[in-house]
Amino acid sequence: MSSLTNILYFQAGLGILANTFLLCFYTFTILGHRSKPMDLISCQLTFAHISFLLTGGDNWLAVILESLNIENDFKCKAIFYISRVMRGLSICITCLLSVSQAVTISPHTSLLAKFKHKLKTYIIYAVFYIWFFNFLVSSHMLFYVGAFNNVSETNQMRVTKSCSLFLMNYIISGLIFTVTTFRDVFLVGVMLITNAYIVIILFRHQRHCKHLHSIRHLRVSPEKRATQTILLLVVFFVVMYWVEIIISSTSLLLWMYDPVILTVQKLVVTAYPTITPLVQISSDKRVINVLKNLQSKCQQIF
């Protein structure tokens with residue numbers, strides 16, 4: 001158990017550091033007016049991942065709130081609400097990233113081509129609605145999560161040392177389950193469809209290039225590299241998402257959270273926010289150039 005917890009802390013810490021670096025990079029890029037449409041989406045995604053890792057990794061935010069002597073009930077509501085909102089933002093923004101990339105690489109003859117010239121405007125509107133929707137959908141966490149007490153243990157399920165999930169009305173729980181499930185299944189479906197479309201476009205492009213150049217002279221374009229990165233991230237997200245769904249659904253049906261199962265679930269849900277920035281850093285030439293410049297300056301100093 002202690003080894004799993006140490007792995008969880010290491011994974012969450014690595015994810016927070018990598019996402020913080022990317023957040024600073026995208027922020028300065030956007031403020032410097034040298035950004036691409038995808039940079040705004042990636043900036044939102046890194047912020048969501050930092051917030052999620054702080055609340056979902058092993059409740060690092062709880063340690064901060066405890067040091068401020070904030071009562072457990074408010075602490076539990078704040079942590080679980082932020083965590084649920086950021087989890088929803090993660091899947092929504094990942095889907096937006098996939099759709100935007102499909103629009104970017106679509107040929108001029110396709111139906112998606114007409115969205116290219118105003119893609120940045122559409123992304124800004126989409127991000128606004130995504131935030132509003134997830135704040136609204138996750139609002140039930142403010143009412144059905146609170147501090148654990150020993151008065152009526154049958155009506156609550158302990159999910160952390162000091163927080164518990166309260167038993168909901170069947171109608172309310174059914175409504176919440178339907179809305180969140182529909183959202184997740186719909187977004188995963190959109191991601192799979194856009195990924196299939198992207199793969200087809202890449203296949204056609206590669207086949208066309210083979211007719212014009214020899215294979216050894218083919219070079220991977222920045223657009224193709226970015227597309228391959230997004231494909232990798234989406235596939236990894238879908239796999240991790242369904243593994244987490246299986247674990248959490250089993251625990252809710254049994255109305256019991258074993259500490260080991262809870263730690264494994266946290267490892268699964270924090271895997272995507274940790275891996276995503278590492279993949280983005282290794283595949284974005286702009287980020288690689290920044291790291292090389294920092295390395296050269298450090299060598300000059302020391």
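Colleague: Which residues of α10 are buried?

Modeller: Buried means under 20% relative accessible area, exposed over 50%, and partly exposed in between, with a 1.4 Å probe and protein chains only. In α10 the buried residues are A271, Y272, P273, T274, T276, P277, V279, Q280, I281 and S283. That is ten of its 13 residues, so α10 is mostly covered. This is a predicted model, where local features need pLDDT of at least 70, side-chain atom pairs count only at pLDDT 80 or more, and totals for chains, interfaces and linings use all residues. Residues are numbered from 1 along each chain as its sequence is written, and side-chain values use heavy atoms, with hydrogens and water left out.

Colleague: What span is expected for α10?

Modeller: The expected span of a helix is 1.5 Å times one less than its number of residues. For α10, residues 271-283, that gives 18 Å, and the distance from its first C-alpha to its last is close to this, at 18 Å.

Colleague: Why is α2 described as largely enclosed?

Modeller: Because 17 of its 20 residues are buried, α2 is largely enclosed by the rest of the structure. Its residues, 37-56, should span 28 Å, and the end C-alpha atoms lie 29 Å apart, which agrees.

Colleague: How many helices and strands are in the chain?

Modeller: Helices (H or I, at least four residues) and strands (E, at least two) are DSSP runs, numbered from the N terminus. The chain has eleven helices and three strands, in the order α-α-α-α-α-α-β-β-β-α-α-α-α-α. Of its 302 residues, 45% are buried.
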